[in-house]
Amino acid sequence: MAASLEELEQRLSHLRTELRGAVRARDKAETTRIRRALREAETAWEHALEVEAGPDIETLPPEAETRTPPRATGEPRRQERPTHGSIPVREQVHQALTLLGAPASPKLISSAYEAFFTEPLVAAKLASLRRDEERSFTAQGYARPYYICAALTHDRLVPARGLLALSTWPVERRIITPLSPRTDFLTHAVGTAEQIQRLSAAGHPAPDAAWRLLRRFALTIPGACDSAAPEPDPARVMAAAQAEATVHQQEDDQRRQAAAQRARTQLTDAQKLFGAAPLRDALRDASGSMH
């Protein structure tokens, strides 16, 4: 009996968790085995989705067509999967943003991913990812468990320049106010420290790159560094970051919540994820419609 979509999605989630563990443990044989199983499960997921969707699936625009399931696509396969069969770019970005816990730039996303995982994430590959995700959402709606989307400016609700976020985060978490760059920076520091602690608790020493990333955060957070210690203490970094965050938190949260309320009442589903069109685009479209 063929597995249901729900069963396959659970299997995909389980395999991805196993894959992260194998990669962190640098177990090449287990990593290869899990990736093979993951590709087989992805193929089965795609087939089950096509069966459930019926013939209408063939009417989607060309850019929405895919040969892999939602959690493993975003860009065309030839751009997203290097020939050695690594994790797709959108999955890499998802893992990095989940670790960081707040909207981040492509450069920081790349640094965070490479600090904790053995595969590289080239920041240049992220340039078109959000646009690809938006086209997919426009064509298919909520067909994927998550989308790589935009952070939104608190005043105009347009995409915040150079920042990516996750669609599974509430709107408030994706709003950028004047205080948000600092509060999100502190969130990134806490997320990095927590990941190092998780690795330590599991008996896996954090890579040197992870410690370097944590030190970069710690150096700009008052009280986070001990000059006598060779490496920053994750617990100390977390405590210092959380202490500073309380200074900005109330005002930042109020602005985020007010903007999120406007977004929920004024924006479409797609705009809530990818932002309202900037004014220059709206003016260009209006000008074009007059000719």
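**Stop 1: helix H10**

Select arginine 256 to start: this residue is buried, with a relative accessible area of 7%. Buried means under 20% relative accessible area, exposed means over 50%, and partly exposed lies in between (1.4 Å probe, protein chains only). You are looking at a predicted model, where local features need pLDDT of at least 70, side-chain atom pairs count only at pLDDT 80 or more, and totals for chains, interfaces and linings use all residues. Residues are numbered from 1 along each chain as its sequence is written, and side-chain values use heavy atoms, with hydrogens and water left out.

Arginine 256 and aspartate 252 form a salt bridge, with 2.8 Å between the closest N and O atoms. A salt bridge here is a side-chain nitrogen of Lys or Arg within 4 Å of a carboxyl oxygen of Asp or Glu. Both residues sit in helix H10 (residues 234-266), four residues apart, or about one turn of the helix. Helices (H or I, at least four residues) and strands (E, at least two) are DSSP runs, numbered from the N terminus.

Stay in H10 and select valine 247. Is valine 247 buried or exposed? Valine 247 is exposed, with a relative accessible area of 64%. Now show threonine 183. The C-alpha atoms of valine 247 and threonine 183 are 9.5 Å apart, although 64 residues separate them along the chain.

**Stop 2: helix H6**

Select residues 129-140, which make up helix H6. Find arginine 130 and glutamate 134. Their side chains meet in a salt bridge of 3.4 Å, N to O. They are four residues apart in H6, so about one helical turn separates them. Glutamate 134 is partly exposed, at 27% relative accessible area.

Next, pick aspartate 132 and arginine 135. Their closest N and O atoms are 2.2 Å apart, in another salt bridge. These two are three residues apart in H6, so about one helical turn lies between them. Which of the pair is buried and which is partly exposed? Aspartate 132 is buried, at 11%, whereas arginine 135 is partly exposed, at 38%. The whole structure holds 12 salt bridges.

**Stop 3: helix H4**

Select residues 89-100. This is helix H4, with 12 residues. From first C-alpha to last, H4 reaches 16 Å, close to the 16 Å expected at 1.5 Å a residue. The expected span is 1.5 Å times one less than the number of residues.

How many of the 12 residues of H4 are buried? The count is 11, so H4 is mostly covered. Among them are Arg90, Glu91, His94 and Leu97. Step just past the helix to glycine 101, which takes a positive phi of about 85 degrees.

**Stop 4: the nonpolar cores**

Show Val93, Leu97, Ile109 and Phe116. In the largest nonpolar core, of 57 residues, these four touch the most other members. A nonpolar core is a set of buried Ala, Val, Leu, Ile, Met, Phe, Trp, Tyr and Cys residues joined through side-chain atoms within 4.5 Å. Another core, of 10 residues, lies apart from it; Val171, Ile175, Ala263 and Ala276 are among its members. In soluble globular proteins, nonpolar side chains tend to be buried together.

Zoom in on phenylalanine 116. Its contacts (heavy atoms within 4.5 Å) include Arg24, Leu99, Ile196, Pro207 and Leu213, leaving out residues up to four places away in sequence.

**Stop 5: the sheet**

Select strand S1 (residues 148-153) and strand S2 (residues 159-166). They pair in the antiparallel sense over four bridges. Two strands pair if DSSP finds at least two bridges between them. Alanine 150 stands opposite leucine 164 in S2. Five residues lie between the strands of this hairpin, and leucine 157 takes a positive phi near 60 degrees.

What is the order of the strands in the open sheet? The three strands run in the order S2-S1-S3, with mixed pairing. S2 and strand S3 (175-176) are the edge strands, each pairing on one side only. S1 and S3 run parallel, joined by two bridges. Leucine 152 has isoleucine 175, in S3, as its bridge partner.

**Last stop: two cysteines**

Select cysteine 149, which is buried, at 0% relative accessible area. Then select cysteine 225, which is partly exposed, at 28%. How many disulfides are there? The count is zero, taking a disulfide as a pair of cysteine sulfur atoms within 2.5 Å.
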